[in-house]
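Here's a walk through one protein model, for anyone who likes to see how the pieces sit together. Have the structure open while you read.

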Amino acid sequence: MASSWCCSLIVLSSGSGVPLLVRHVGPGKAPAYALIGSLNGVHVFGESHGVNLCNTRTHNANITWKTYHNSIRLVLIRGSECVGDECDGRLLDLVFGSLVLLTGLDTLNTPSSIERLKRDVRACYGVIDELLSAAMNTHEHTHFSHLTGCVECVIPSEQHTLQAELDKFAEGADSTYGCVTLRGRVVCGTRNFWSLSHTELVLLPLLAASNSYTAARDLPIYLPNKSPNVPFRLLVVRLTGQVSVLVLCGPTPTLSEMMRAASTFWAPSYQVLEALTSLGPRNLAPNILSQLDNAVMGLILVNYNNKKCVSCVHPSEEIRSPRGLSVARKMSALQSVYRALIGPLLQPPAMPPDDYPTLALHPDHLPRECYISTETYKVYIIQSSPYHLLVLFPPALPIHIARQVSQRTLTIFTKGKTPKL
C-alpha cells in the first residue's frame with residue numbers, strides 16, 4: 001500500500017466521501033481513487049456499527065483516520081517505519097488547522113458546493129506540503145513542530161535588540177501580534193503573539209515560509225482557535241533573503257504602506273538581520289554552540305509553557321563526517337525517539353493530558369530521565385518541567401557520560417546569561 005518512506009494525505013468530505021485534496025510526499029504514487037474509496041468506506045462501515053476507527057497497521061503502512069466537526073475527514077498513510085499514533089493525530093490536527101487558517105471553519109462545515117470547496121482548499125497546498133515534508137524528514141525540512149506541537153525557534157545573540165525593534169514596528173502598524181521569522185522559524189514575537197494557540201503559532205511561520213518567491217504578501221486568514229470564522233489580515237514582508245516580519249492587523253495599513261514602513265524602519269538593523277542568516281542551519285547563537293560538548297551530535301529542546309522548541313542537527317561545522325551520521329539520519333533518530341517515548345512514557349508537563357495519553361504508571365515512579373541506545377546512535381532524554389531535552393550522541397559514549405553532558409546542556413539553555421527558550 002505504501003513505500004516504507006512515503007506519506008500520503010487524503011482530505012474528504014465526510015458526508016459525501018468526495019476527495020477534496022490528495023497530497024503525497026516520497027517515492028511511489030498517490031493513492032488511487034479506488035483505494036481512497038475503500039479507506040473511507042471502511043471508516044463509514046465502522047461508524048454504522050458504532051465503532052470509531054482511529055488507526056490500523058498493515059505489513060507496509062500505518063493508516064490514521066480523523067473526522068472534524070462531522071464535515072471533514074482526514075486519512076494519513078505513512079510508511080511502516082513510523083511509530084507513534086498520537087504524533088500522527090497531532091499532525092492531522094495541524095493539517096485541519098491549516099484548512100481552517102486559509103478557508104475558514106464555516107466554509108469547511110457548510111460549503112456552497114463541493115467543487116467550490118475543492119478550489120478553495122488549493123490555497124492550503126503549500127502549508128500542508130511543508131508539514132508532510134517535515135514529517136517525512138526531508139533534508140530541506142529539519143522541523144519538529146509537527147511532533148512537539150510547539151513552534152520552531154532560533155536563538156540569536158541579538159534577541160533583546162530585535163525584540164525591542166519588533167515591538168515598536170508592530171505598534172506602528174497598529175497591531176499587537178507580530179513576529180520575525182527565519183526560514184519558517186520564529187526569531188522573536190510580541191507578547192500577544194505568544195498568547196496564540198499552539199496550532200496557530202506553528203502554522204503562521206510555516207505559511208510565511210511556504211512561498212519564498214514574493215517580497216510581500218497580504219493574506220486573509222482565520223485563526224483556528226482564536227477566530228475561526230472572522231478573518232484577520234496577515235501581512236508578510238521580506239526584510240532580507242531569508243528573514244521576514246509577520247503582522248496580524250485590521251483594514252489598515254495597506255500592503256504598500258507596510259512595505260515602505262518596513263524598508264525605512266528596519267534599515268538601521270540590516271546588519272543584525274543579515275547576521276541571522278548565519279544561524280542556519282544550526283539555529284543557535286555562536287556563544288551557545290561554543291558551550292556544547294563535542295559529543296553532542298544533535299538535540300531538541302521543548303519548552304511547553306512558552307510553546308517553543310529549538311532543534312539543532314548541525315552542532316559542528318561539518319554537515320557529515322566520515323564516521324558520523326548524515327543530517328537525515330540524525331533527524332530520523334530524534335524523530336523516532338520522540339514519537340516512541342514522549343507521550344507513551346514521558347508526559348509533556350504543560351500539555352493537555354488528552355493530547356498526550358501516558359501509561360498507567362504509579363505516581364511515585366514516574367520517569368524523569370531515560371535513554372535509547374542502538375548500534376548507530378544513543379539518545380538521552382531529560383524531563384524537567386516545563387522542558388523536554390533530547391540529546392543525540394555517538395553509540396560508544398558511556399551512558400553516565402551522556403547523562404552528565406545532557407544535564408550540562410539543559411543548564412546552558414535554562415540558566416546563566418544566554419538567551420532563554
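There are 13 helices and 16 strands in this protein, and bear in mind that the model is predicted. Of its 421 residues, 54% are buried. If you take the contacts with a separation of 6 or more, 61% of them are between residues 24 or more positions apart. The protein exposes about 18,300 Å², with carbon and sulfur atoms supplying 53% of that area.

Let's go to an open sheet of five strands, ordered 8-7-11-10-9 with antiparallel pairing. Strand 8 (185-189) and strand 9 (216-223) are at the edges with a single partner strand each, so one side of each has no neighbour in the sheet. From one strand to the next, the twist averages 30°. Inside this sheet, strand 7 (residues 177-182) runs antiparallel to strand 11 (residues 243-249), and six bridges join the two. Look for Gly 178, which has Val 247 of strand 11 standing opposite.

Helix 8 packs on the sheet and touches strand 7, strand 8, strand 9, strand 10 (227-238) and strand 11. The direction of helix 8 makes about 155° with that of strand 9. Then there's helix 9 (residues 255-265), lying across strand 9, strand 10 and strand 11 and running at about 45° to strand 10.

**Two helices crossing**

Helix 8 has a helix partner too. For any two packed helices, the description comes down to the angle between their axes and the distance between the axes. Here, the axes of helix 5 (residues 125-135) and helix 8 (residues 198-209) come within 9 Å and cross at roughly 110°. That angle makes helix 5 roughly perpendicular to helix 8. On the helix 5 side you'll find Val 127, Glu 130 and Leu 131, which meet Leu 203, Leu 206, Leu 207 and Ala 209 in helix 8. By type, the residues of this contact divide into six nonpolar, no polar and one charged.

**A buried strand and its partners**

How many of the six residues of strand 12 are buried? Six of the six in strand 12 (residues 298-303) are, so the strand is largely enclosed by the rest of the structure. Gly 298, Ile 300 and Val 302 point one way from strand 12, while Leu 299, Leu 301 and Asn 303 point the other way, and all are buried.

| Partner of strand 12 | Bridges | Sense | Source |
|---|---|---|---|
| Strand 16 (residues 387-393) | six bridges | antiparallel | |
| Strand 13 (residues 308-312) | five bridges | antiparallel | |

To find the pairings on screen, start with Leu 299, which stands opposite Val 391 in strand 16. On the strand 13 side, Asn 303 has Lys 308 as its bridge partner. Strand 12 and strand 13 form a hairpin with four residues between the strands, and there Lys 307 takes a positive phi near 60°.

**One threonine**

Last stop: Thr 64, in strand 4 (residues 61-68). Is Thr 64 buried or exposed? Its relative accessibility is 6%, so Thr 64 counts as buried, given that buried means under 20%. Setting aside neighbours within four places in sequence, Thr 64 is in contact with Cys 54, Asn 55, Leu 74, Val 75, Leu 76, Asp 88 and Leu 92.

Note on methods:
Residues are numbered from 1 along each chain as its sequence is written. This is a predicted model: local features need pLDDT of at least 70, side-chain atom pairs count only at pLDDT 80 or more; totals for chains, interfaces and linings use all residues. Side-chain values use heavy atoms; hydrogens and water are left out. Buried means under 20% relative accessible area, exposed over 50%, partly exposed in between (1.4 Å probe, protein chains only). Two strands pair if DSSP finds at least two bridges between them. Contact means heavy atoms within 4.5 Å. Accessible areas come from the Shrake-Rupley method with a 1.4 Å probe; for residues, only the protein chains shown count as cover. Axes are lines fitted to C-alpha atoms, for helices over the stretch in contact, and angles run from 0 to 180 degrees between N-to-C directions. Angles under 35 degrees count as roughly parallel, over 145 as roughly antiparallel, 65 to 115 as roughly perpendicular and the rest as oblique. Ala, Val, Leu, Ile, Met, Phe, Trp, Tyr, Cys and Pro count as nonpolar, Asp, Glu, Lys and Arg as charged, and the others, Gly among them, as polar.
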